[in-house]
Amino acid sequence: MIKVNDNFRKLSASYLFSEVARKIASFKSDNGNCNVIRMDIGDVTIPMLHSVVAAMHEAVDELALSTSFRGYGPEQGYPFLRNLIAEHDYAERGLAIDASDIFISDGAKSDLANLGDIYSRDCIVAVMNPSYPVYVDDSVIDGRAGEFVGGRWNRLMYLDCNSYNDFVPDLPKQKADIIFLCFPNNPTGEGITKTALSKWVEYARENGSVIIYDSAYEAFVREHDIVRSVYEIDGADEVAIEVRSFSKTAGFTGVRCGYTVVPHKLKGRFADGSVVDLNSLWNRRQTTMFNGASYISQKGAAAIYTPAGKKDVKAATDYYIRNARIIKESLQKIGFCAYGGVNSPYVWASPGDGRNSWEIFESLLQKYHFSSTPGSGFGQNGEGFVRLTGFNSLENTQNAMQMMINA
Ligand code: PLP
């Protein structure tokens with residue numbers, strides 16, 4: 001038998017979401033199959049935007065004709081989409097990102113993992129705590145996390161976030177090579193200001209680090225001082241890779257499309273000290289291991305840059321933010337501390353009374369019949385919090401919150 005990657009044994013069984021589902025099912029069955037409003041949803045619920053659907057229909061029709069059929073596309077993505085992104089997501093906002101810096105993918109999750117192919121196994125990885133669990137698990141599988149001791153991986157650097165630092169981590173005392181930052185953040189829902197992010201860019205420049213900036217939720221940014229792209233910070237194009245997704249922006253969680261920006265100015269070193277362009281490494285990695293995102297998805301994604309598409313995206317993200325705001329304000333009315341929900345579909349909340357995340361989850365479920373996600377599932381610093389999302393319908397969100405306030 002072959003030897004397998006032992007690191008898989010180190011991964012903790014991912015019981016969080018299945019445990020949430022199991023507890024909801026058992027609560028329902030003990031209570032005459034009562035209705036539970038799902039406020040733990042991490043997926044969009046609004047159907048595909050009209051503008052995107054029309055573009056995807058057209059793409060399918062093109063593929064049906066011998067005159068316009070397409071097979072394999074460019075591994076980096078079609079120029080029509082790379083150009084639109086460069087123009088609308090960057091140039092329009094005064095940011096100089098070239099289309100050749102942009103690589104279209106089948107979503108952010110795969111890129112976040114695959115980027116691990118281009119940096120050395122020895123790199124010290126820093127992750128926010130709490131964070132989207134993928135950064136940690138990818139590092140475990142790749143052998144960069146070390147051993148799990150006392151609730152932490154001993155080779156990972158944890159960037160602690162809590163209310164005392166507005167959920168924006170302080171700079172580490174030691175050197176981190178790869179730094180995963182995510183803003184607006186999942187799970188806390190908090191954004192980052194230019195001033196705060198500038199410090200990270202400066203740190204990366206001083207230490208020769210690379211920031212992997214996950215801005216999957218940039219389309220939810222509403223406040224002017226909150227950063228949408230890491231490249232808003234001067235010099236970031238020499239130290240940062242930006243990973244983006246159309247999933248929450250435009251309902252692509254099932255269709256799959258996203259992109260990663262690897263600027264040409266970003267450099268690395270081989271073991272013999274010779275300097276290499278990370279863009280060319282990523283290009284080599286992608287052309288070897290990826291055959292491009294589907295033409296249909298890319299045509300759909302292109303439609304969100306039309307005037308109608310932009311309107312649709314704004315309306316859908318506004319809808320989720322409105323729900324999140326209702327959740328946040330309602331929780332505050334019953335005495336919770338609640339964060340996020342302004343530039344994000346997520347609300348991060350704590351009663352601050354010493355109860356742990358699962359106890360809070362249970363009490364919200366038992367008393368008010370709605371579900372949440374226990375914050376401890378996102379890292380040690382999530383203990384004592386729950387995450388709620390604005391992805392349910394407005395009606396369900398209002399009903400759940402009314403039930404809580406009127407109780
Ligand atoms: N990054 C963050 C912070 C997320 O919350 C998610 C999805 O929930 C992703 C990336 C993955 O996005 P995609 O659907 O593009 O793989």
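Arg-9 sits in helix H1, residues 7-10; helices (H or I, at least four residues) and strands (E, at least two) are DSSP runs numbered from the N terminus. The model is predicted, so local features need pLDDT of at least 70 and side-chain atom pairs count only at pLDDT 80 or more, while totals for chains, interfaces and linings use all residues. Residues are numbered from 1 along each chain as its sequence is written, and side-chain values use heavy atoms, with hydrogens and water left out.

Arg-9 counts as exposed, at 71% relative accessibility; exposed means over 50% relative accessible area, buried under 20%, and partly exposed in between (1.4 Å probe, protein chains only).

The expected span is 1.5 Å times one less than the number of residues. Ser-51, Val-52, Ala-55, Met-56 and Ala-59 are buried in H3. These residues lie on the same side of H3 because they cover an arc of only 130° around the axis, the arc being that of the directions from the helix axis to the C-beta atoms. His-50, His-57, Glu-58 and Asp-61 are exposed on the other side of H3. An α-helix has 3.6 residues a turn, so residues three or four places apart point the same way.

Helix H9, residues 278-289, can be read likewise. Its 12 residues should span 16 Å, and its end C-alpha atoms are 16 Å apart. The buried residues in H9 are Leu-278, Asn-279, Trp-282, Arg-285 and Gln-286. They cover an arc of only 125° around the axis, which puts them on the same side of H9. Arg-284 and Thr-288 are exposed on the face of H9 turned away from its buried side.

Next come the loops. Pro-130 is in the loop between E3 and H6, and a cis peptide bond with omega of about 15° joins Asn-129 to Pro-130. Ser-131 also lies between strand E3 (125-129) and helix H6 (134-141), and counts as buried at 3% relative accessibility. A polar side-chain atom of Ser-131 is 3.2 Å from the backbone oxygen of Met-128. Another cis peptide bond, with omega of about -15°, joins Phe-183 and Pro-184; Pro-184 is in the loop between strand E7 (178-182) and helix H7 (194-207).

Asp-166 lies in the loop between strand E6 (157-160) and E7 and has a positive phi of about 55° although it is not a glycine. Phe-167, in the loop between E6 and E7, has a positive phi near 65°. Asp-166 is exposed at 55% relative accessible area, whereas Phe-167 is buried at 1%.

Of the 14 residues around the ligand, Ala-108, Asp-214, Tyr-217, Ser-245 and Ser-247 come nearest; a residue is near if one of its heavy atoms lies within 4 Å. The shell divides into 6 nonpolar, 4 polar and 4 charged residues. Helices H5 (108-114) and H8 (247-250) each supply at least two shell residues. An oxygen atom of the ligand is 2.6 Å from a polar side-chain atom of Ser-247, and a ligand oxygen is 2.9 Å from a polar backbone atom of Lys-109.

Key: A polar contact is a pair of N or O atoms within 3.5 Å; within protein, one must be able to donate a hydrogen and the other to accept it, and residues adjacent in sequence count only if both atoms are side-chain atoms. Ala, Val, Leu, Ile, Met, Phe, Trp, Tyr, Cys and Pro count as nonpolar, Asp, Glu, Lys and Arg as charged, and the others, Gly among them, as polar.
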